[in-house]
Amino acid sequence: MNDTTLMGRLSRLGLPLMETSEEFDVNQTLAEVVKSLETRLWEGFPVLLANAARDLRFDYKRVCDNLTTDGEREDFQTLLLLSAALYESYHLSFFWMKQMQDKFSDQDKSRLKQVRNALAHDAFFSLGGREFQPARLKGMFELYFEKDAEKNRQRKDTYEELSLEYALSQLFSPKQKELFRKKLDGLPLTKTEKEYWGIHLTGVATICSVRGDG
């Protein structure tokens with residue numbers, strides 16, 4: 001698999017590197033990130049993992065099935081530790097991560113605590129033979145949440161816009177809808193429009209205001 005294909009898949013899992021419309025196996029992609037040994041991709045692993053799990057496509061065993069050596073499986077465990085520590089530093093709790101943490105060895109739990117403390121104090125730390133910078137890890141994770149929050153806001157705004165459009169279409173003529181929108185947007189009405197508004201639409205607007213529909 002070439003690098004362009006991998007980057008496209010990572011974009012769809014939350015790392016905005018490239019765009020793609022190709023369907024893909026998220027567990028294979030996570031395994032490829034593990035095997036890449038690239039620090040920048042490892043830094044983004046917590047984002048990729050959270051996205052894969054949120055879509056209910058993450059499968060621990062299937063990721064392991066795509067790893068061929070003990071070293072790769074150890075690196076996967078390292079990235080799970082990194083992800084768990086980062087989630088905890090943001091006070092995030094995921095049931096699927098808790099299930100994996102319950103199976104951590106004492107050594108894993110000790111390493112998890114060390115990484116969590118390093119993140120809390122913004123101190124550089126080594127994991128899996130690589131040095132990580134808390135600022136970079138947190139910056140990437142926060143960027144993901146900002147984009148996710150903005151996407152949800154846009155989705156809510158679109159839903160509300162469509163809901164209003166549907167409601168207006170059931171009640172008013174095109175001209176009445178135009179006046180209603182002008183009032184909602186705080187735009188001035190002409191003398192004729194004011195007269196029409198006063199006669200036909202004031203009562204409806206008051207009802208909408210009381211109900212919170214406007």
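**View 1. Leu 119 in helix α8 of the predicted model**. Leu 119 belongs to helix α8, which covers residues 106–120. The structure shown here and in the other views is a predicted model. The relative accessibility of Leu 119 is 1%, so this residue counts as buried, the cut-off for buried being under 20%.

**View 2. The surroundings of Leu 119**. Leaving aside residues up to four places away in sequence, Leu 119 is in contact with Ala 85, Leu 86, Ser 89, Phe 125, Pro 134, Leu 137 and Lys 138. Ala 85 is 34 residues away from Leu 119 in sequence, while their C-alpha atoms are 7.9 Å apart in space.

**View 3. The packing of helix α4 and helix α6**. Two packed helices are described by an angle and a distance, both taken between their axes. For helix α4 (residues 45–54) and helix α6 (residues 70–89), the angle is about 85° and the axes are 9 Å apart. Because of this angle, α4 is roughly perpendicular to α6, as angles of 65 to 115 degrees are classed that way.

**View 4. Residues between α4 and α6**. On the α4 side, the contact is made by Phe 45, Pro 46, Leu 49 and Ala 50. Their partners in α6 are Phe 76, Leu 79, Leu 80, Leu 82, Ser 83, Leu 86 and Tyr 87. This contact has 10 nonpolar residues, 1 polar residue and no charged residues.

**View 5. The second largest pocket**. This pocket holds about 230 Å³ of space. Its lining consists of Phe 58, Tyr 60, Gln 77, Phe 95, Trp 96, Gln 99, Met 100, Lys 103 and Phe 104. Helix α7 (residues 95–101) gives the largest share of the lining, 4 residues. By class, the lining has 6 nonpolar, 2 polar and 1 charged residues.

Key
Residues are numbered from 1 along each chain as its sequence is written. This is a predicted model: local features need pLDDT of at least 70, side-chain atom pairs count only at pLDDT 80 or more; totals for chains, interfaces and linings use all residues. Side-chain values use heavy atoms; hydrogens and water are left out. Helices (H or I, at least four residues) and strands (E, at least two) are DSSP runs, numbered from the N terminus. Buried means under 20% relative accessible area, exposed over 50%, partly exposed in between (1.4 Å probe, protein chains only). Contact means heavy atoms within 4.5 Å. Axes are lines fitted to C-alpha atoms, for helices over the stretch in contact, and angles run from 0 to 180 degrees between N-to-C directions. Angles under 35 degrees count as roughly parallel, over 145 as roughly antiparallel, 65 to 115 as roughly perpendicular and the rest as oblique. Ala, Val, Leu, Ile, Met, Phe, Trp, Tyr, Cys and Pro count as nonpolar, Asp, Glu, Lys and Arg as charged, and the others, Gly among them, as polar. On a 1 Å grid over the protein atoms alone, a cavity is a set of points where a 1.4 Å probe fits but cannot get out, and a pocket is an open set with protein on both sides within 12 Å along at least five of seven lines; lining residues have an atom within 4 Å of a point. Grid points are joined across faces, edges and corners, and a volume is the space filled by probe spheres set on the points.
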